[in-house]
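Have the sequence and the 3D view open side by side. The paragraphs below go from one chain to the other and end inside the protein.

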Amino acid sequence: MFVRNNNGPIFLFLLLCGLTGCVSSSAPSGWLPPVESVPTDVYGGWLKVEKREFKGYSMALGEFIGLRDSAVFLLTEKGYLKMIPMKDVRNATLFIHENNGGKAALTTFLGTVSTISNGFYLLITAPIWIISGTILTVQASNKGNYYQAEPDFAWWDSFKLYARFPQGIPENFGQTPLKPKPHE
Amino acid sequence: MGHHERVIPSFAFILPLLLSLSCNFNTVERSVSTPGQFVLTGGNAKKLTLFMNNGYTFVLNTWSVDTVRHRIYGTGSQIDRVGVVFYLNSVSVNESDVSVSESNISATEGTTTGRVPIKVHGKDGSVTVLDTWSFDHASKVISGSGAQWNADRDLVSKSFYSLPSTDVALIEKNTVERSSIQSAFTVLITGNVVIAAICLTNPKACFGSCPTFYAQTDSGEALVAEGFSASILPVLEATDIDALVSVHPKNRVLPLRMTNEALETHSIRSADIIAVRRKHGGTVYISQDEQFYEARSVVPLSSALGSEGDCTELLRSFDSRERFSAADSFDLAGKETIELTFPSASFAHAGLILGFRHTLLSTYLFYQTLAYMGTSAGTLLAKIQSKPEEFLEHWQGPSELLGGIEVQIPEQNGGWRTVQVVKETGPIARNMTIVPLLEGAPATKIRLRMTKGMWRIDQTAMAEIVPVNDAVQIGPRAVYRDGKPDSTAFTQLTDPLQLLNTYPGDEYTIEYLLPEDFSERDLFLKSRGYYIEWMRDVWMKDENLARIAQLVSSPKQFLRTEAPRFKQAEQSMEQIFWSSKYVRPKQ
């Protein structure tokens, strides 16, 4: 009785996903709104900033509050407000809403497995599922997030509309601490 | 029948389908504008853009609003969800179908309404989300119902708001963009469903029948033979000799690639080459009684007339252009004839060269019989195995009714006389045989009588034939698997007491060393063995022992009853068959 290697498609899928860059959000679970809630959500997007330090780099994560005087403001999950000069930002990733990259990956996996119902045709349909599904998963995982290496002022200016204060930091800002977004 | 195909969950596509449908792969496009920019449609606007609830967009160059009927009329263009633009001479839409309307110039009077949420950002950092809203162009006030949060995002109130534009810093609008990802997944899943349905509705169209042999030909590697297709049980082990018509080796080493491309267990006792020396510069063929004849002075076909009319061109040469017909709709044993005419030639002994193979009718009937046996297949086949004489007596009815290709010559009384019946099982490789005619018999008129829809005829030609017997049988010199010598397989193929068992996806290269005068010889593959078809789970639903009883007791009626069912599958069988070869995935 011959033995068929069933792990091949899974490995290939994981390899393709890894190579093509499935993006996973760094936002706390339940923090990002689902896409249909974005029009009524009153918070900024989730910002992940890698900033230059005296030696090496550090990471800052939090709600994108806004821009002022060539600085980026973000509010951490615990309510600490951080000001990061734009010139210190090495790269930035902004997450607007939750995406279904994980579900797309699961759909791809199950779809690939389901090709066993295709009989011999699985020799054609399984690779199609793996390749197409991987591409779709990458697309899905990249929905609602924007990455920029060495973002300049123009980039920040074009993405400030995803901040809590797209109009700019209010005049009375800083007099009282901001509350972080409650989440599950 | 020890092997069973693993369970096929034909409903396996349901999980990814449900998961895909439950996912939202859309994204959001956000835009912001100041109150000055937010001034929307007015009576004197030159161009009006309407974003409809259904995702369509209208861009109207001229337009008017019927405030009584709440309709907007105009001329302009329509843009569908995927961006296709249609130019329209007349547009009429209900206001209630409009989610947002925008104008490219400011207006000084009138009111604009919107039915998708907007966020009004105050200069103090507050934000008001208005679910429905209106903008009064004269007073520059945005009004609507919704909720308001302060800069700290504490909910202040839920109310109806009238927000003067002087207090407004920015107005934000979010448009959910539909993603094509869900559609793409739906296409993939639909493909799975369709193919699963094909497999379920027509499982007898799967690639099958015996070991297949490939070799290098003048046009590259090609399928050149299939071995012992009729040997479906150990007790029916048989020897099969196939002409390797298109194989012309360049040197003494002849490699043949032997594959198992079906859900079958192949048991091969031997696979040898017979090299027959030509004496007269012709081509050597084998007859049905396994005598070798050299055909010389070949006379091509003048005309061929089948039920469909003239089919001469299809039958003139061995070129894969085959003549075949559809099976009878009411009786699978229904017959047809092809009348062949050859130029007059004075041959001492004429022979008909015939290139042919089965259609999938025989494969279908074999698989359908196994399906009717269902869970009893093992028991029934074991009985046949233990009592082969019973099989020959009772189970051959359909096969005898279907018959072979009857080669007939005209009789003086106007009738036709059968001189030989050509039989060779297998729909995969084309066979080439010679039918010696009666010495002195006229060789200008030949009739082929056969079961409709059962045979594919590639070539017919007339030739003068002479028996030849300078033949040498050559066993394998080496056997390779995955490019490495396989001494076990070699022993099994060369020891007459042993069998080489192969399974779906198995592949061996058998190497032969031909005689030094190989270029003066024509080659034949002599294979011996049997094979066992694997039962498919999807066949089980067809279990019907009454049909098996009918097959044995009344084969004629069986073939009539089976005709409509076969006709349903006949059209698609060929395509499904050739695309269902089993190839083991590379590891």
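Two residues are in contact if their C-beta atoms, placed from the backbone, lie within 7 Å. Among contacts in chain B between residues at least 6 apart in sequence, those joining residues at least 24 apart make up 73%. This is a predicted model, in which local features need pLDDT of at least 70 and side-chain atom pairs count only at pLDDT 80 or more, while totals for chains, interfaces and linings use all residues. Residues are numbered from 1 along each chain as its sequence is written, and chains are lettered from A, and ligands numbered from 1, in the order in which they are written.

Chain B has 10 helices and 34 strands; helices (H or I, at least four residues) and strands (E, at least two) are DSSP runs, numbered from the N terminus. Of its 587 residues, 43% are buried. A residue is buried if 20 or more other C-beta atoms lie within 10 Å of its own, exposed if 12 or fewer, and partly exposed in between; here too C-beta atoms are placed from the backbone.

Strand E24 (residues 405–410) of chain B has two partners to look at. Two strands pair if DSSP finds at least two bridges between them. E24(B) runs antiparallel to strand E25 (residues 416–422) of chain B, with 6 bridges, and pairs with strand E27 (residues 445–451) of chain B, also antiparallel, over 3 bridges. Val407(B) stands opposite Gln420(B) in E25(B) and opposite Leu448(B) in E27(B). The hairpin of E24(B) and E25(B) has 5 residues between the strands, and Gly414(B) there takes a positive phi near 95°.

Now turn to chain A. Val49(A) lies in strand E1 (residues 46–52). Why is Val49(A) counted as buried? Because it has 23 C-beta neighbours inside 10 Å. Val49(A) and Ala92(A) are 43 residues apart in sequence, yet their C-alpha atoms are 4.5 Å apart. Beyond the neighbours within four places in sequence, the contacts of Val49(A) include Ala60(A), Val72(A) and Leu74(A).

In soluble globular proteins, nonpolar side chains tend to be buried together. A nonpolar core is a set of buried Ala, Val, Leu, Ile, Met, Phe, Trp, Tyr and Cys residues joined through C-beta atoms within 7 Å. The largest one has 95 residues, of which Leu244(B) and Tyr285(B) touch the most other members. Helix H4 (residues 361–373) of chain B gives this core its largest share, 9 residues. Apart from this core lies another, of 25 residues, among them Leu47(A) and Phe95(A).
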